[in-house]
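Here is a report on charged side chains and how they pair. Look at the sequence and the model first.

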Amino acid sequence: MLNLLKIEFKKIIPYTTFWVIFGLVFALIPVVFYGIGQFELQGAPIDMKNTYRFPGVWNNLTYLASWFNLLIGMVIVILVCNEFSFKTFRQHVIDGQSKSDFVISKILLMVCMALFSTIYLLIIGALFGLATTDSNVSFTENIHFVGIYFIQALGYMSVALIIATLIRSTALSIIIFMLSILIESIIQAFVPGNIEKYFPMEIIANLTPNPLISNMMPDPSQLPPGAQIPPMFESIPLSTTVIVACVYILVIWGVTYFMLTKKDIK
Amino acid sequence: MTAILNINGISKSYKKVKALNNLSLQINQGEVYGILGPNGSGKTTTLGIILDVLKPDSGNYSWFGNSPNKESRKKIGSLLETPNFYPYLTARQNLSLVCKIKQVEESEVDRVLTVVNLIERANSKFKTFSLGMKQRLALGSALLGNPDVLVLDEPTNGLDPQGIAEVRTIIKGLAAQGKTIIMASHILDEVEKICSHVAVLKQGNLLTFGPIQAVLNKQEQVYVAADDMEMLKLVLAQIEGVSNIKPSTSKVYLLLEQGKDSAYLNKALFEKGIIATELGMQKSDLEANFLALVN
């Protein structure tokens, strides 16, 4: 396992494209986050500095970072498609890797990248929070959003992995990956009832709920008896979303493995 | 003799095209085995199957007497079709990555780069290499860990004459060290110069196999001419040890049995009253033999 990860690092450490995209993501997250808190809402009684404060910071920051997860997914699309277009996947098998080693390597790499991003967000969030919050507010309240962000990063990258494995051409894979949310919503239009809320991209996106919307929604437990949230606004509990997302991720890994092992490597 | 590779009844089809039809072959330790055949005869398919990138429809194969696994592939140096490396990595970085896969010492990188004459370009990116250099790097990669078995698919493909000569020298050197080499080629000359054994494929069928002399009739031909050609032909037929008499316009070609040389023939002709005006040895026409076999 460790050897597989070392091989992956040998591929990406000298790879400029990787560092440019990753660097861009890591530079933009704190800059944009700072920018949001600087908005002055004319006449509104909202203090935008609240964006930075505990405990809201974890939800706010991870929601913002979730948009950049698409870029991190794109990195995986590029890295995986490279293995097919350079024919290095084939060469690795010839040189003595198994096809499952390939899938395991990529999963390990994705876990590392997700872990790295998560730790980065933890640091950024802590810095913003500590700089703006009064000392009596809990540092750890709502910090689970950061853990869920890790699952989301892994989720987007897993979708990227399967699209790249299926399509194999870098340009086409990037387009399909970027359009996957759109494609999914078109399919959702033809699906009846509540099932559409369990579609993979929707589930993964909902791991980091939009803080503005979730703040506006009343807590179901505090509704007066007999009152109901209209079905279209009813959302799946976050815990269910997390479980479904984890199942999706495992299924995607399994299908990717199956696709690679059953076919000839051209 | 230890069997290195055993292929038992392998067949493979691509949609409607039958690429390999029930191929069986045994390759023993120390043999330099050429797989010869025209383009599309199934050479690369065969190598792809024994290196586990292609799945056979039926049949099986074994390396070193065991069913195939990734550990056995680590002990085989392979060059299949095009050189496959990361264009943005240097030659050294690319080979060091292969070292990690094959689990061999990093010190191997500089050794093989020296062997294939690329040590001065070790820190250049792969994408800056010419086709010949890429091919040499791929050969170098196959040599990492000094494997006892090499699988080479058209190793001189894309090289200039000097490069071809260099690569052949390297391969001959490896053969002289007692390594087992399996080499696919459509260049007859190459196989003849390097290989001890040969298997000939055509449209996925194994036409013939065995030691190269036997398969391609590598025996030297003798040619002789005299003033009276008709008399010469008659007399030759009576001389012991002469076979395959083939008259052409100005000479008669023939084969001599083992242990008899041109001096023997000259003496025999003289005793029968014929004075040869021309007498010499000529290598058998491999190309003609090969084409006769394949067509």
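The report covers the model, then its salt bridges.

## The model

This is a predicted model, in which local features need pLDDT of at least 70, side-chain atom pairs count only at pLDDT 80 or more, and totals for chains, interfaces and linings use all residues. Residues are numbered from 1 along each chain as its sequence is written, chains are lettered from A and ligands numbered from 1 in the order in which they are written, and side-chain values use heavy atoms, with hydrogens and water left out.

The term means a side-chain nitrogen of Lys or Arg within 4 Å of a carboxyl oxygen of Asp or Glu. Helices (H or I, at least four residues) are DSSP runs, numbered from the N terminus.

B:Glu71 pairs with B:Lys74, with the closest N and O atoms 3.3 Å apart. Both sit in helix H2 (residues 70-74), 3 residues apart, about one turn of the helix. B:Glu71 is partly exposed at 42% relative accessibility. B:Lys74 is buried at 14%. Buried means under 20% relative accessible area, exposed over 50%, and partly exposed in between (1.4 Å probe, protein chains only).

## Two further helices

In helix H4 (residues 108-115) of chain B, B:Arg111 and B:Glu108 lie 3 residues apart. Their closest N and O atoms are 2.9 Å apart, in a salt bridge. B:Arg111 is partly exposed at 33%, while B:Glu108 is buried at 14%.

Helix H9 (residues 229-238) of chain B holds B:Glu230 and B:Lys233. Their side chains meet in a salt bridge at 3.3 Å, N to O. B:Glu230 is exposed at 54%. B:Lys233 is partly exposed at 27%.

Conventions:
Helix = DSSP H or I, 4+ residues; strand = E, 2+ residues; numbered from the N terminus.
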